[in-house]
Amino acid sequence: MKKLIAVFSLLAATLLSSNWVSAAADLDVNTPAITAIKNSMQTRHNQLNPHYDSGAVGLTADGLVAVRDATAVPLKDRGGINSLVAAENSDRNALYKEIAAGNGHPEWAGEIRSTFAGRWVDKAQAGWYYQNAGGWVKK
Amino acid sequence: MKKIGIIWALIALIPACVTINIYFPAAAAEKAADKIIDEVWQLKPGDEPPATPAVTKPAPVPAK
């Protein structure tokens, strides 16, 4: 009888502790490094937003952005569009890497990238373009 | 004799505690991604972006 109680209490402790562990599985995205990248992206979004709207820039399947139609970029912005996109992609790559590393699992960077790729597209506005297997698709 | 059985049961339970940390936390990742995307794109909580079709097929979606 005593042994049975001991086993059951250990079982209960296991179940309770695994609940505690799954709460700890939440990803921390408030590290200084991640916050810095996020702020940089937030600032750049003001410049990118019109290009998403015009279809000049679209979301790629690997969580980055790409110039879809350079002719849709107004002349005054055309010179800087490639470096704008490159800077955004540099931040995005760093973001995925930093979230993985910051949570102690650098090997998760690829899966974090895939997760983001899906969420960017899901949250994109109507009329924005994204890539899927066949090519560019308008939302 | 019975003691061996209990010991094996306990040994079988221990990996369950570690399993959480080995597999990629997809739900937590999605939550983190949403949080960051909302801030980068300045999305308001009330915004309902149009649903992304899983396979691209021509329009009609049952209208409300």
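Analyst: Helix α4(A) has these buried residues: Glu88(A), Asp91(A), Arg92(A), Leu95(A), Tyr96(A), Glu98(A), Ile99(A) and Ala100(A). A residue is buried if 20 or more other C-beta atoms, placed from the backbone, lie within 10 Å of its own, exposed if 12 or fewer do, and partly exposed in between. Helices (H or I, at least four residues) and strands (E, at least two) are DSSP runs numbered from the N terminus.

The model is predicted: local features need pLDDT of at least 70 and side-chain atom pairs count only at pLDDT 80 or more, while totals for chains, interfaces and linings use all residues. Residues are numbered from 1 along each chain as its sequence is written, and chains are lettered from A and ligands numbered from 1 in the order in which they are written.

Helix α4(A) covers residues 81-102, and these 22 residues should span 32 Å at 1.5 Å a residue; the end C-alpha atoms are 31 Å apart, which agrees. The expected span is 1.5 Å times one less than the number of residues. Just after α4(A), Gly104(A) has a positive phi of about 80°.

The buried residues of α4(A) pack against α2, β2 (65-67) and α5 (109-123) of chain A, and also against α2 of chain B.

Take α2(A) as the partner. Its axis and that of α4(A) are 10 Å apart, and the two helices pack at an angle of about 155°. Axes are lines fitted to C-alpha atoms, for helices over the stretch in contact, and angles run from 0 to 180 degrees between N-to-C directions. The pair is therefore roughly antiparallel: angles over 145 degrees count as that, under 35 as roughly parallel, 65 to 115 as roughly perpendicular and the rest as oblique.

On the α4(A) side, the residues that meet α2(A) include Glu88(A), Asp91(A), Leu95(A), Glu98(A) and Ile99(A); on the α2(A) side, they include Ile37(A), Met41(A) and Leu48(A). Residues are in contact if their C-beta atoms, placed from the backbone, lie within 7 Å. This contact has 10 nonpolar, 3 polar and 4 charged residues. Ala, Val, Leu, Ile, Met, Phe, Trp, Tyr, Cys and Pro count as nonpolar, Asp, Glu, Lys and Arg as charged, and the others, Gly among them, as polar.

Helix α2(A) (residues 32-54) also packs with α2(B), at about 40° with the axes 8 Å apart, which makes α2(A) oblique to α2(B). Met41(A) takes part in this contact.

Key:
Two residues are in contact if their C-beta atoms, placed from the backbone, lie within 7 Å.
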